[in-house]
Amino acid sequence: MKSKLDRAILDSMSTNPNNWKGIFYYNPNDPRLLVRKLNPSMGWTFNYASPYSYITLGCIILITIASFIFL
């Protein structure tokens with residue numbers, strides 16, 4: 001029961017238009033790294049209030065650059 005309630009709270013956070021800055025999701029109260037976009041058929045996005053999103057993006061960029069250099 002608690003997980004359904006938690007999921008409903010988190011889903012209500014991601015559908016709140018005040019947490020979206022254009023196409024970017026920014027909510028420091030949301031612990032998730034990845035959230036569904038407002039239009040679920042468009043996929044997922046990062047929660048840019050989380051410092052882990054910047055670390056993840058940095059790693060993706062470094063791996064991409066390294067693959068072009070070394071391959």
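In the protein chain, residues 24 or more positions apart account for 6% of the contacts with a separation of 6 or more. The model is predicted. Its chain has 2 helices and 4 strands. Four aromatic residues, Phe24, Phe46, Tyr48 and Tyr54, are linked into a cluster by ring pairs.

**Fold and order of elements**

- The secondary structure of the protein chain comes to 2 helices and 4 strands.
- Read from the N terminus, the order is α-β-β-β-β-α.
- Helix H2 covers residues 51-70.

**Overall dimensions**

- The protein chain has a radius of gyration of 15 Å.
- A compact globule of 71 residues would come out near 11 Å.
- Along the principal axes, the C-alpha atoms fill a box of roughly 50 × 25 × 25 Å.

**Surface and burial**

- The protein chain has an accessible surface of about 5600 Å².
- Carbon and sulfur atoms hold 69% of that surface.
- Of the 71 residues in the protein chain, 23% are buried.

**Aromatic pairs**

- The structure holds 4 aromatic pairs.
- One of them joins Phe46 and Tyr48 in an edge-to-face arrangement. Their ring centres lie 6.2 Å apart, with 70° between the planes.
- Phe46 and Tyr48 are both buried.
- Tyr48 also pairs with Tyr54, at 6.0 Å between ring centres. The planes of Tyr48 and Tyr54 meet at 55°, so this pair is tilted.
- Why does Tyr48 count as buried? Its relative accessibility is 17%, and buried means under 20%.
- Ring pairs link Phe46, Tyr48 and Tyr54 into a cluster that also includes Phe24.

**Nonpolar surface patch**

- Which residues make the nonpolar surface patch? They are Ile61, Ile65, Ile69 and Phe70.
- The patch spans about 460 Å².
- Ile61, one of the patch residues, is found in helix H2.
- Ile61 counts as partly exposed because its relative accessibility is 49%, while exposed means over 50%.

**In brief**

- Tyr48 is buried and takes part in ring pairs with Phe46 and Tyr54.
- Ile61 is partly exposed and contributes to the nonpolar patch together with Ile65, Ile69 and Phe70.

Definitions and conventions
Residues numbered from 1 in each chain as written. Predicted model: local features only at pLDDT ≥ 70, side-chain atom pairs only at ≥ 80, totals over all residues. Heavy atoms only, no water. Patch = residues over 30% accessible without salt bridge, like charges linked within 9 Å, V, L, I, M, F, W, Y side chains within 5 Å. Areas by Shrake-Rupley, 256 points an atom, 1.4 Å probe, with all protein chains shown as cover. Salt bridge = Lys/Arg side-chain N within 4 Å of Asp/Glu carboxyl O. Buried < 20%, exposed > 50% of the residue type's maximum accessible area, 1.4 Å probe, protein only. Phe/Tyr/Trp six-rings, centres within 6.5 Å; stacked < 30°, edge-to-face > 60°. Rg over C-alpha atoms; globule rule 2.2 N^0.38 Å. Contact = heavy atoms within 4.5 Å.
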